[in-house]
Amino acid sequence: MKRIALVTGGTSGIGKETVRGLARAGLAVVLVGRDRQKCNEVVQELRADTGQTDITALTADLSRLEDIRRVADDFRADYPRLNVLVNNVGAIFDTRRSTPDGLEQTFALNHISYFLLTNLLLDRLLASAPARVVNVSSAAHRFVPGVDFDDLQFERKPYAPMTAYGQSKLMNILFSQELARRLDGTGVTSNSLHPGGVASNFADNTTGWFRLTARVLKWAIGISPARGAETSVYLATADEVAGVSGRYFERCRAATTSAAAMDPTAQARLWQVSEQVVGQVFPSPAGVTS
């Protein structure tokens, strides 16, 4: 029976290469993207390239709570199992933007999508154990000293793109760590990673000098999306990390994070704040001490 993987942000960059790598490893892969036509084009391309027909797509804007819930429902309707969830979607924005839910867009897309989608599909992961959650973070989590819980969404302080991005990547690790703690003993693991400085289109939502600078840097020193996807594919498939949980990886090796990322108080607080944001409480699985 084929293992099933779900990859968010799967139509370009490291997300697309992650889908390719997982398909080549023999998994059935469902990718999530915003644009239906692009999703269909990528599915056809990757089917032809890998020779695997079990590549499909779901369409959603994962910065919107309604779309996150809908894509979870759509997946649940079609797939009884989920062996691997790769939370990969992410972007940087040069100005503060609000989603239809009134959330700051970096926070909504880069963190809340990970938190809500994972929890909505947690029963599928638990029923498929051993299963894995892979959360794509970044070394940019070191840009900030911690999460500013008093102004998470830049409602009072001036918006700073790299600070907002760095904070969201710190949240990815905090979430991954708290999830690992809550899933201890269930057979579902949770790990995070830094993919490297990748020459991808993640800064294409920006404009002006910020976009130009990002493009120059990524093409001058960035690694290929295929190389950037290697650690995601490794954490999703490698036998040697089958039972590893609550770790952070770079270049397919366990690595250290900032001290802020390992703060258990911040991990628990972010979980509680995230529940408040999405308006839903997600208790630990039965039999697991919270």
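Predicted model: local features only at pLDDT ≥ 70, side-chain atom pairs only at ≥ 80, totals over all residues.
**A tour of helix contacts and salt bridges**

Now show the two helices whole, residues 13-24 for H1 and 36-50 for H2; their axes come within 10 Å and cross at roughly 40°. That angle makes H1 oblique to H2, and the crossing is right-handed.

Next, zoom in on Lys16 and Glu45, whose side chains form a salt bridge at 2.9 Å, N to O. Lys16 sits in H1 and Glu45 in H2, so this pair ties together parts 29 residues apart in sequence. Lys16 is buried at 16% relative accessible area, while Glu45 is partly exposed at 36%.

Hop over to Arg76 and Asp123 for another salt bridge, 2.6 Å from N to O. Here Arg76 belongs to helix H3 (residues 65-78) and Asp123 to helix H5 (residues 122-127), 47 residues apart. Arg76 is partly exposed at 27% relative accessibility, and Asp123 is partly exposed too, at 36%.

Then pick Glu178 and Arg182, a salt bridge at 3.1 Å, N to O. Both are in helix H6 (residues 161-182), four residues apart, or about one turn of the helix. Glu178 is buried, with 2% relative accessible area, and Arg182 is buried at 10%.

Last stop: select Lys16, Glu17, Arg20, Arg24, Glu45 and Asp49, which salt bridges with shared partners join into one network. Across the whole structure, a search finds 15 salt bridges.

Key: Residues numbered from 1 in each chain as written. Heavy atoms only, no water. Axes fitted to C-alpha atoms, helices over the stretch in contact; angles between N-to-C directions. Parallel < 35°, antiparallel > 145°, perpendicular 65-115°, else oblique. Left-handed = near helix turned anticlockwise from the far one by under 90°. Salt bridge = Lys/Arg side-chain N within 4 Å of Asp/Glu carboxyl O. Buried < 20%, exposed > 50% of the residue type's maximum accessible area, 1.4 Å probe, protein only.
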